[in-house]
Amino acid sequence: MIEFVSNVNFAPSNPKAENLGNPLHLQMGHKSEVTQPTYEDVSAKLNSGEIKTRVEALLKQYPVKQGALLEVLWIAQSELGWVPQAAVKWAAKICECSPVHAWGVATFYTMYKHVPTGRFLLQFCQNICCHTAGAEDIISIAEKKLGIKAGETTQDKLFTIARVECLGACGNGPAMLVNDDFATDVVNGNLAMPSNVGLNAERLDKIIAWCKERAAKNPQEPKRDPLGGITGAVHSEPLGLDFAPPPPALGVKATTTDKGVSVIWKIAPEVTSLAVERKNGSKWEAIGSPGIKDKEFIDANGKAGCEYRVIATSGTRTAKPSVEVKS
Ligand code: FES
């Protein structure tokens with residue numbers, strides 16, 4: 001008999017399963033009872049303002065609206081913090097597909113959350129490489145430290161712990177994601193996953209302290225990069241195979257140093273050129289064209305308070321600008 005198992009429906013078969021917290025499908029809310037907002041409330045929120053404009057621009061870039069479903073769901077999640085059932089229905093309507101198709105997509109990919117989570121979702125890999133490197137010990141340390149089991153959220157709504165399958169960071173096992181970022185350590189005040197450095201109790205402490213400090217400094221989570229959003233250009237011509245612009249530069253940060261301002265970023269492999277821009281009054285001015293292998297640009301004339309963004313281009317196609325950051 002062939003059995004299909006997706007990583008969101010996998011119930012632990014380990015003999016000590018009772019020690020492993022809730023099964024994953026419950027952890028991520030696929031079958032758990034949560035209070036669902038009404039369709040009216042959700043669609044009123046998502047059919048207005050900036051979201052409406054973003055969705056309309058996005059749909060123009062796909063020959064078939066259903067092609068935009070993943071990103072429309074992602075937009076709903078970034079606005080609501082999770083993907084309630086009404087948001088799946090809304091996305092299905094927007095993308096002109098059946099709600100059951102949209103539900104299948106939304107529950108297949110584990111990046112969509114079907115329950116509200118804490119501000120920091122700690123996703124610990126429990127797959128084989130991380131397991132042999134001590135994932136179980138790390139997960140139980142995290143559970144003790146935060147006073148919750150996997151699948152639960154702390155009372156202050158700061159942390160949710162989840163067990164997930166391979167994160168693709170096996171060489172750094174035990175590995176975890178803090179929201180969308182890999183984190184096995186804190187380096188120079190940032191979450192980091194240095195080569196071959198896995199989680200241990202001490203590094204986990206540092207990461208939890210980093211999250212608490214960030215929450216204390218920023219009561220509201222600062223705006224995050226869209227996840228590789230294929231947005232930006234609007235096409236009125238029939239779309240060819242290469243219609244999609246590249247994703248924007250992600251993880252852009254600007255830090256004041258004694259040499260000026262250091263701007264860093266991450267780009268997709270298809271990017272062929274980059275431009276760093278600094279804001280001058282209300283206008284953006286290009287101040288440098290780093291090489292595509294470069295990961296940093298020093299603005300020798302920059303100072304604290306300057307604003308920057310990075311523009312990525314692939315051939316003739318330009319990504320939408322990165323988030324704007326202040327040094
Ligand atoms: S096994 Fe943990 S990241 Fe691959």
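User: Is K217 buried or exposed?

Analyst: K217 is exposed, with a relative accessible area of 60%. Buried means under 20% relative accessible area, exposed over 50%, and partly exposed in between, with a 1.4 Å probe and protein chains only. Keep the basis in mind: this is a predicted model, where local features need pLDDT of at least 70, side-chain atom pairs count only at pLDDT 80 or more, and totals for chains, interfaces and linings use all residues. Residues are numbered from 1 along each chain as its sequence is written, and side-chain values use heavy atoms, with hydrogens and water left out.

User: Which residue meets the side chain of K217 in a salt bridge?

Analyst: Start with the general idea. Side chains of opposite charge can pair when their charged atoms come close. The rule here asks for a side-chain nitrogen of Lys or Arg within 4 Å of a carboxyl oxygen of Asp or Glu. K217 pairs with E213, at 3.1 Å from N to O. Both lie in helix α9, 4 residues apart, about one turn of the helix. E213 is partly exposed, at 46% relative accessibility.

User: How are helices and strands picked out?

Analyst: They are DSSP runs, numbered from the N terminus: helices are H or I with at least four residues, strands are E with at least two.

User: How many salt bridges does the rule give?

Analyst: The count comes to 9. One of them joins R163 and E136, with N and O 3.0 Å apart. R163 sits in strand β2 (residues 159-164) and E136 in helix α8 (residues 135-146), so this pair ties together parts that are 27 residues apart in sequence. R163 is buried, at 2% relative accessibility. E136 is partly exposed, at 22%.

User: Which residue forms a salt bridge with K145?

Analyst: D205 does, with the closest N and O atoms 3.4 Å apart. K145 belongs to helix α8 and D205 to helix α9 (residues 201-217), so the pair links parts 60 residues apart in sequence. K145 is partly exposed at 43% relative accessibility. D205 is partly exposed too, at 36%.

User: Now the sheet. What is the strand order?

Analyst: Strands of a sheet pair through backbone hydrogen bonds, either parallel or antiparallel. Two strands count as paired if DSSP finds at least two bridges between them. Here an open sheet of 4 strands has the order β2-β1-β3-β4, with mixed pairing. The edge strands are β2 and β4 (181-182), and each pairs on one side only. Inside the sheet order, β1 (residues 120-125) and β3 (residues 176-178) pair in the antiparallel sense over 3 bridges. L122 has V178 in β3 as its bridge partner.

User: Which strands does α8 touch as it packs on the sheet?

Analyst: α8 touches β1 and β2, and its direction makes about 160° with that of β2. Contact means heavy atoms within 4.5 Å. Helix α9 lies across β1, β2 and β3, running at about 160° to β1. Axes are lines fitted to C-alpha atoms, for helices over the stretch in contact, and angles run from 0 to 180 degrees between N-to-C directions.

User: At what angle do α2 and α4 pack?

Analyst: Helix α2 (residues 39-46) and helix α4 (residues 69-80) pack at about 100°, with axes 11 Å apart. They are therefore roughly perpendicular. The cut-offs are: under 35 degrees roughly parallel, over 145 roughly antiparallel, 65 to 115 roughly perpendicular, and the rest oblique. V42, K45 and L46 in α2 meet A76, E79 and L80 in α4.
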